[in-house]
Amino acid sequence: MCSTFSLAAKTYIGESNGIRHRKSMVTATRAEVIPAPKQRSRPVFPELSIQGIPIADLHVQEIVQRQSQTYSMDREGARRKPQFCPSFLEEAYERCRNICAEYAKTFYLGTLLMTEERQKAIWAIYVWCRRTDELVDGPNSVYMSSEVLDRWEERLQDIFEGRPYDMLDAALTHTVFSFPLDIKPFRDMIEGMRMDTRKCRYQNFQELYLYCYYVAGTVGLMSVPVMGIAPDSLISAQSTYDAALYLGIGNQLTNILRDVGEDAMRGRVYLPQDELAQFGLGDNDVFSRKVTDQWREFMKEQITRARLYFNLAEDGASQLDKASRWPVWSSLLIYRNILDAIEDNDYDNLTKRAYVRRAKKLLMLPLAYSRSLSTSSLLSQQHKNVRSTKSF
């Protein structure tokens, strides 16, 4: 299950091996408890923590530092850019484009405003992430083993060293030699796949947060060097990367809430066990697929937390290079609407799959475009207001 990119449930068979794509420390406020009839009060449920894994523990700062450095072929020496036949490279990127257009239609439309070089790079990253996810959740997942993931990680190392295995790998090789991409987020995503093969329960939110970082937060870290940070950005590079990570976390938490019923049919529960218990729930309640008042209250809190991560991502989305903001805002707004759809289904994500209708997605594109143009000035005004407040 992944990622910052909007991934449909369709599958794609790779070139030579079939392979699919999957905190600020704020406390969520609870809704007012309304007394039930006959003086019987509804139970008062606890607030859920939104505190994840500290950024320092994920070594994100080191990734930011390496990816913020100006790339120099002369300095790299042995890492001289591999030479590909232009027609071969063009076909490689065209295949990546076709895959992205087929399986991430709305996100793909958003990439069309980017420069050609950035478009191709984002398509190549998308395809690698999708193929990585399909190792665990794709049609060949029955053959999954730790050895398969080990070989995939070796293959990743070859990509970064200029030795691609197939045409789709070649597109990513060309990308990593064109942009200052660090290998760690890619390796971390593979680690997320390993976690998926050996873990189907998460005891608390910190464990779930780590999983979300591995399979989705990493996508944000991969994307920032390609999308670029605006020269007149109002926040630090670290803050922009943090926001990209938070968008990935929000997207993956939304994926989890959307897919509770489907995951349960595979014996997986991606909900924190201790939080289920706090609401008087357990695995049996998930597997029974019965929506109760306790379940609704539990889901309200889960949705509140997911929305908080989208809120944390907004400032960073506004500080990317102007031509790169549209697909990010599209993803952010559409995934927020999935949460709305869960609410519209009366919190029944056990027997129903919440989704945003295609017509609504298309209607959201102009709004996302508008936000991508205007939010920088809004943030600037917010900063001015903060400065004015501080002056009193």
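R268 and D196 are both buried, that is, under 20% relative accessible area, where exposed means over 50% and partly exposed lies in between (1.4 Å probe, protein chains only). Their side chains meet in a salt bridge with an N to O distance of 3.9 Å, the term denoting a side-chain nitrogen of Lys or Arg within 4 Å of a carboxyl oxygen of Asp or Glu. The pair links distant parts of the chain, 72 residues apart: R268 in the loop between helix 11 and helix 12, and D196 in helix 8 (residues 184-198). Helices are DSSP runs (H or I, at least four residues), numbered from the N terminus.

This is a predicted model, in which local features need pLDDT of at least 70 and side-chain atom pairs count only at pLDDT 80 or more, while totals for chains, interfaces and linings use all residues. Residues are numbered from 1 along each chain as its sequence is written, and side-chain values use heavy atoms, with hydrogens and water left out.

The structure holds 36 salt bridges. R268 also meets D137 in one of them, at 3.5 Å, N to O. Because R268 lies in the loop between helix 11 (260-265) and helix 12 (273-278) and D137 in helix 5 (residues 116-137), this pair ties together parts that are 131 residues apart in sequence. D137 is buried, as is R268.

D346 is in the loop between helix 15 (325-344) and helix 16 (358-391), and Y347 is found in the loop between helix 15 and helix 16. At 38% relative accessibility D346 counts as partly exposed, whereas Y347, at 12%, counts as buried.

Technical notes: Helices (H or I, at least four residues) and strands (E, at least two) are DSSP runs, numbered from the N terminus.
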